[in-house]
Amino acid sequence: MSAKHAPPSLFERGISRQRIADVRERFLQLNAERLLRTRAALQERQRILFDLVPLLFHVNHPSLPGYSSKDTPCGIDRFEPTPKLVERAQQYIASGFHYRPPGQHLIHSIFIMGSCGSIAQAEDSDLDVWLCHRNALPSEARKQLQEKAEHISQWAAELGLELHFFLMDNEQFRRGKRERLSAEGAGTSQHYLLLDEFYRSVVVVAGRYPIWWLVPPEEEENYDEYTALLHAQQHIGPDESINFGGVAAIPAGEFIGAGVWQLYKAIASPYKALLKLLLTEAYARHYPNVQPICLALKERVYNGECDADQLDPYILVYQRLEHYLSARGEKDRLELVRRAFYFKTGLHLSRPAASKQVERHQRMSALASQWHWQSETLLNLDTRHRWKLRRVRDEHRFLVAELTNSYRFLQDFAAHSQQSALINSEEMTLLGRKLYAAFERKRHKVEWLNPGIAPDLSEQQLYFHTLGFGNQRRWAVSASARHDFESGAVLKEDEHLSGLLCWCYCNGLVKENSRLRLSSRSQGVSEADLNRLATWLHAHLPKRLPAADPAQHAAFTRPKVPLYTLFCINLGQDSLSQLSSQGIGQHSSCYPVANVEMVVLNSWGEVSSMAFTGGEALLNTLHAYQQLTVAAASGSSPPKIDILCFNDPGERLARRLMGLAAGVQPCFENTEANTRYILKLADGFHILQQRNNELDVVNADSYSELIQCLERGQSRFSPLRMDRHCLPNSALASIIDTCRSDDCYIFVHLRATLVDIFLRDERGSLIYLPAESSAPDALIYQLLQFLQHSRKEQGLRHRVRLYKLIQHDGRWQSRPLQAPPAQQSPLYLEATAHARQRARPVFDVRWNNQQLYYRDEGAKLFTRLATQLVERYPKQRHFAIDRVNLGNKPPQQTTVYMRYKRYLEELIQREVDRLHTSRRH
C-alpha cells in the first residue's frame, strides 16, 4: 500500500473534545450512582464513617483518628470537604477540629473496588480501598501513611465498618512493581486481572479518576500512545486523572499465578473465590483472544450506556460465566456458580426484603426466576446458617471437586501454553504451602470441612461409641443416642478417640455449651475420661484453619515444622489398672504403657493423630517422635510435649514419661552427637540410636546380652546415655556416667582371683573382658601396653584412662586408679593378621624369638604354639597376647583389637587346657 493511502497515525487523527466530555460524564454518572448504592447499603453509622474517610486523609489533625505525626503525607488532589462534612467531623469525632487546607497534596486518589455499589454488596461486606499516593514517595513517608491507614482501619472496625487499605503508587504499579504477598494482598500473582477487576468495579471516592476511562476500546492496544496524546493536546488537566495502564493483552503466565491466588482465597471464602477462579478459567480458555469484562463494560459506556443495573460488575461476571459454562454444557458447575453468586449477595429471597434491600432483592428475584429456582431451593439456601454436617460435607465435596478441577486446568494450561506463572517464585511457594495445608488429604491428618460454608455446625450433644471388636474396633460419633448405625446416624469414624475428638473440634461440632456423652459401648472409657481428654485437646488445637487465618500468614513463609506433640497414655481397656492392680510401683516395667494416642500440630496448622498399642507401643511412639524431631532439626526447636495419662494416681507415670522425653530429646535433636540411649522395659533392654535420620533399636533380653550389644562397632564416636530408671545402681550406670569424652576408658573390678575388666573405647563401644589372675597389676600393665601398641598402629591420639570399680552403700562407683609400675615378663606374644576375602583373617604368631607362620602350619598353628608354650612354661596356665597387628586402613577402633586379642587368647587357652588334660591322663 502506498504511503498516501495509509491510515493516519494516532497523533494525526486528532481527538474529539466533545466525545471525551461525553464519555467522562457517563463514567462520572455511573460512578455517582455506584457511590450512592455503596452508601445506601451501609448502616447509618457506617455511612457517616465512610463519608469521613477522605477528610481523614486530606488533613493531619491530632484530634482525628489515624494521626501519627505532622509529617504524615496528606492532601487529596481535587478534593475540598464541604462545610457539612467538616461539621460531621466536629459532631461525631472531635468538636475542637477546625479545617485548614493542607499545604501540599501527596495523595492522588481514594478508590474502592470489588462488590461496592453492586448487587453483591451485602450488609457485612468489607471495602477494599486503594489509597493512591504521589509517585516515589520516600520510604519513611510511605511508612507513616501506612500506619495512618492501619489506625483508621482499626478505628472503623471498632465502629462496625471493615476497611482494607492498599497503598498504591500508580507508576510503580504500571511497571509491574508490587507489594509482597500478604494475607490480603495478591503480591505479584496478578496484574492485568487485578486491573480488569479494578476498572470494572471501581468507585472514585475522592481525587483523580482513571485516565483509562478516556481511552476508547478500539485504542486499547495503543493505550500508552493515546494517553500521551491526551496529555499533549491538553484534553485533561495535570491533576485530573491517574494512570494505572491498559489491559489490552493479558499474558498467559498471569492466569496461572492469579488462579493459584484464587485457590488460596477459596480456603476461607470458597464461594467468592470460585467466581473469580472460574472467570480466570473462562479467560484462559480463549487465550490469546481474551476480552476482559472491563473492556466490554467500557465499550457499552462508549456506546451511550451508563445504567448501573446493566453495568453491575457482579452481574457482568455472572453473565460471562453463564455463557461460558452453558456453551460447554456444564450444568452442575453453572448451578454451583449460581449458588456462589447468591451467597455473595447476602440476600434471602424466601423472606420479605428489608427497606434498603428492595432494589437488590428485586434484581436477584428476577435472576432466580430465570434460573427456575423453586421456593424449596431458596429456603434451603437461606437457611445455610442452620446447615449441619451432612449438608456441609456434600457442599464441601462439590467445592473441593471444583477447586481440584481448576487446579488441574491451570496445570494443563501451563503445559499447553508453555508459560510459567508470572508470580514471584517465593510467593508461589507460599501459596502452594497454604493450599497443601488446607486441601491435601493423607492418612492421620484431620480434614477441615467447613471453612466459609456454614457459620455453625455445633451440636448440643454428641455421642461417642465403639464399632467392631479387637483390631477392627473403631470409634464413632453421632448427634443421636441411637445405636442403629445402619441408619446413617454416624457422623464420623476414626481408629481412636483422640483423632475423632480433634476432628469434632476442628470442624466446629463442639462449642462451649456442647455436651459429650458415651453410649453403652465405650470399651473401658468413662464419660469423665472422655471429657478430660476433650478439654485437654481443645486447649492445644487451633481455633480456625490456619491457612485461612491472616494472623498465621508468616508461618507459611517457612517450611513446616512440628510445634506440639500430645501423648494420651493408657486410655480405655488397656489402662494401667488393667496392667497391674498394684499400680506402677509394682509393675515389671518402669514405663507400663499399653497404648498411646499421639496428636501432632505443626507450624502450618495441620493436625494429625495416630495410635500405637501392644508391647511395642512405647518404642513405636519414640520412633514417631524421633521422626518429628528430625523434621524440626533445621534450626527449629523440637516440638513441645504434653502428656495425659489415665489411671495414673499421683501422676507418677506422667512424670516418668516427661523425664524420658527430656532424656531422649537431646539424642534425637543433636544428630552430630550420635548418642545411644539405653532404655529398660518389661520385655528387656533397648538401645536407641539415630542412624541416617531413622531410629535404630537394638533389643537385649538380659543384662549380659545388653553388655554384648554395647560391644558393637561404631562408625564414629557414639556416647552412651542411660535412662534414669534403667539399672540406676549398676556398675554399667557408673561406667556410663564416668565416660564423658572420646578417650579410651578401662574399668577394673577385683574379685579374689578374678578380674572384671570393662573397656569403653574411643568410639563409645564397650567390651567386657573377665580374666583369672593372681597378679592383677601385671594383668593391668600388660593391657595398658597392648593399648599403647594398638593406638600407635591406629595413628590416634586418644588418652587411656584407668578406673577402679567399687561398691559403696549399695551403689557402684568409679574411682581413678593409678597405673601399676612396669612389669617384666619373660614372654612376649605378638599376632599379625593376614586378610582373606569374605573370611575372618588368619594370623602369624611370634613368641619371643620364635615365629610361626599360617602358611606353614595352617589350622594347626595354635596347636603348635600351645605345645611350644607349655614346654617352655610348664607351670603357666594362662597366656596373654601382647600385641595384635591388623594393619587395616582406615584404622579399626580399639574394641576390634580387643576382640581379636580375646579370640586369640581363647584359641591358645583351648589348646593349652587340652594339653594339660592329656598329660594328666
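**Exercise 1. Work out how the axes of H25 and H28 are oriented to each other.**

Step 1: pick out the helices, H25 (residues 776-794) and H28 (residues 894-920); helices here are DSSP runs of H or I with at least four residues, strands are E runs of at least two, and both are numbered from the N terminus.

Step 2: get the angle. The two axes come within 10 Å and cross at roughly 125°, with axes being lines fitted to C-alpha atoms (for helices over the stretch in contact) and angles running from 0 to 180 degrees between N-to-C directions.

Step 3: classify. Under 35 degrees is roughly parallel, over 145 roughly antiparallel, 65 to 115 roughly perpendicular, and the rest oblique, so H25 and H28 are oblique to each other.

A quick note on the model: it's predicted, so local features need pLDDT of at least 70 and side-chain atom pairs pLDDT 80 or more, while totals for chains, interfaces and linings use all residues. Residues are numbered from 1 along each chain as its sequence is written, and side-chain values use heavy atoms, leaving out hydrogens and water.

**Exercise 2. Find which residues of H25 meet H28.**

Step 1: apply the contact cut-off, heavy atoms within 4.5 Å.

Step 2: list the H25 side: Gln782, Leu783, Phe786, Leu787, Ser790, Glu793 and Gln794.

**Exercise 3. Trace the order of the four strands in the open sheet.**

Step 1: count two strands as paired if DSSP finds at least two bridges between them.

Step 2: read off S26-S25-S24-S27, with mixed pairing.

Step 3: spot the edges, S26 (850-852) and S27 (883-885), each pairing on one side only.
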